[in-house]
Amino acid sequence: MAESALFIQSLEKGLAVLQAFRASETMNLREIAQACRITSSSAQRVAYTLEQCGYLKKDPHTKRFRVTVKALGLGYSYLAREPLFQNAHAVLHQLNQECGEIVNLSVPDEGDNMVFVMRVPTSQHIPIYMPVGTRIPMLASSSGRAILAHLPADQLERQLDAARLQRHTPHTTTDAATLRQLVDEAREHRYAYADEEFFQGDVNVAAAILNEDSQPIAAVNISVPKPRWTLERARQDLAPLVIRAARAISKNAA
């Protein structure tokens, strides 16, 4: 982490504790210390401070902490003020009306995940519960592969070499050579796809949104269920729609 007199380590620990709750609904002090790799005394001080500030709540019986609704405020300004999301709003809803299926907007985080920031549901089926902020591995999603397809070759290789190839379903692609082929294919066709690679029964196609420097900053995807959709039909019918939507959002973002 940064070595500077301006850097506040206690603030870093507090943010790390809040982030640790992404993986756990509740935690006690020992679990907080382990998750954040801090001492028990530091965990106690940080948890107490966050509780007093209203970001954590402790169960008086179990002594376990959970995040409160106040934590949503930390991301509100990003979601409400980011121009990209304002520009994408109408396009995503129009795309949803055209295809009648779930439409998502996601952005890459600092690691190897895509973070869902907007979601337009469908009335045709009950979708998988994916609240705003849900993270999905880039390599197991069409959105992530669409982003990777627009990276410079050296950056792409570094990201692929450092990626953790985990199996999430029986259909997850975990072979590095095959993943490179899928990314190359996405670059050629201007869209990416994934077939039951993170959620079973879910097929999705995506296209990258580019800024004025032609750098990928987000991706729009359409998610459809099997057996109502096949991968072949999704690629044929939905890929042109998602490419057009991404292009429209990119034009507004430039």
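In this predicted model, a search of the whole structure finds one cavity of 30 Å³ or more. The space in the largest cavity amounts to about 40 Å³, and its lining is formed by Asp112, Met138, Leu139, Leu148, Gln159, Leu160 and Ala163. When these lining residues are sorted by class, five are nonpolar, one is polar and one is charged.

The largest pocket has a volume of about 1,700 Å³. It is lined by 35 residues, of which Gln19, Arg22, Val115, Gly133 and Arg135 are the closest to the centre of the pocket. At least two lining residues of the largest pocket are supplied by each of α1 (9-20), β2 (65-67), α4 (73-81), β3 (102-108) and β4 (113-120), and among the elements α4 gives the most, with five residues. In terms of class, the lining of the largest pocket consists of 21 nonpolar, eight polar and six charged residues.

The position of the largest pocket can also be described by domain. The domain assignment of the chain gives domain 1 (9-68) and domain 2 (82-251), and the C-alpha centres of domain 1 and domain 2 lie 33 Å apart. Each of domain 1 and domain 2 contributes at least three residues to the lining of the largest pocket.

The second largest pocket holds about 280 Å³ of space. Its lining comprises 27 residues, and those closest to the centre of this pocket are Ile128, Phe199, Asp202, Asn204 and Ser223. Two or more residues of the lining of the second largest pocket come from each of β3, β4, α6 (142-148), β7 (202-210) and β8 (216-225), with the largest share, four residues, provided by β8. By class, the lining of the second largest pocket divides into 13 nonpolar, 10 polar and four charged residues.

The packing of two helices was considered next. Two packed helices are described by the angle between their axes and by the distance between the axes. For α1 and helix α3 (residues 40-52), the axes come within 10 Å and cross at roughly 80 degrees. Because angles of 65 to 115 degrees count as roughly perpendicular, α1 is roughly perpendicular to α3. On the side of α1, the contact is made by Lys13, Gly14, Val17 and Leu18, whereas α3 takes part through Ser42, Val46 and Leu50. The residues of the contact of α1 with α3 comprise four nonpolar, two polar and one charged.

Two features of the backbone complete the description. Most residues other than glycine have a negative phi, and most peptide bonds are trans. In Arg37, however, phi is near 55 degrees, which is a positive value in a residue other than glycine, and Arg37 is placed in the loop between α2 (29-36) and α3. The peptide bond from Lys226 to Pro227, in turn, is cis, with omega near 5 degrees, and Pro227 lies in the loop between β8 and α9 (231-237).

Technical notes:
Residues numbered from 1 in each chain as written. Predicted model: local features only at pLDDT ≥ 70, side-chain atom pairs only at ≥ 80, totals over all residues. Heavy atoms only, no water. 1 Å grid on protein atoms, 1.4 Å probe; cavity = no way out; pocket = protein on both sides within 12 Å on 5 of 7 lines; lining within 4 Å. Points joined across faces, edges and corners; volume = space filled by probe spheres on them. Nonpolar A, V, L, I, M, F, W, Y, C, P; charged D, E, K, R; others polar. Domains from an automatic or database assignment. Axes fitted to C-alpha atoms, helices over the stretch in contact; angles between N-to-C directions. Parallel < 35°, antiparallel > 145°, perpendicular 65-115°, else oblique. Contact = heavy atoms within 4.5 Å.
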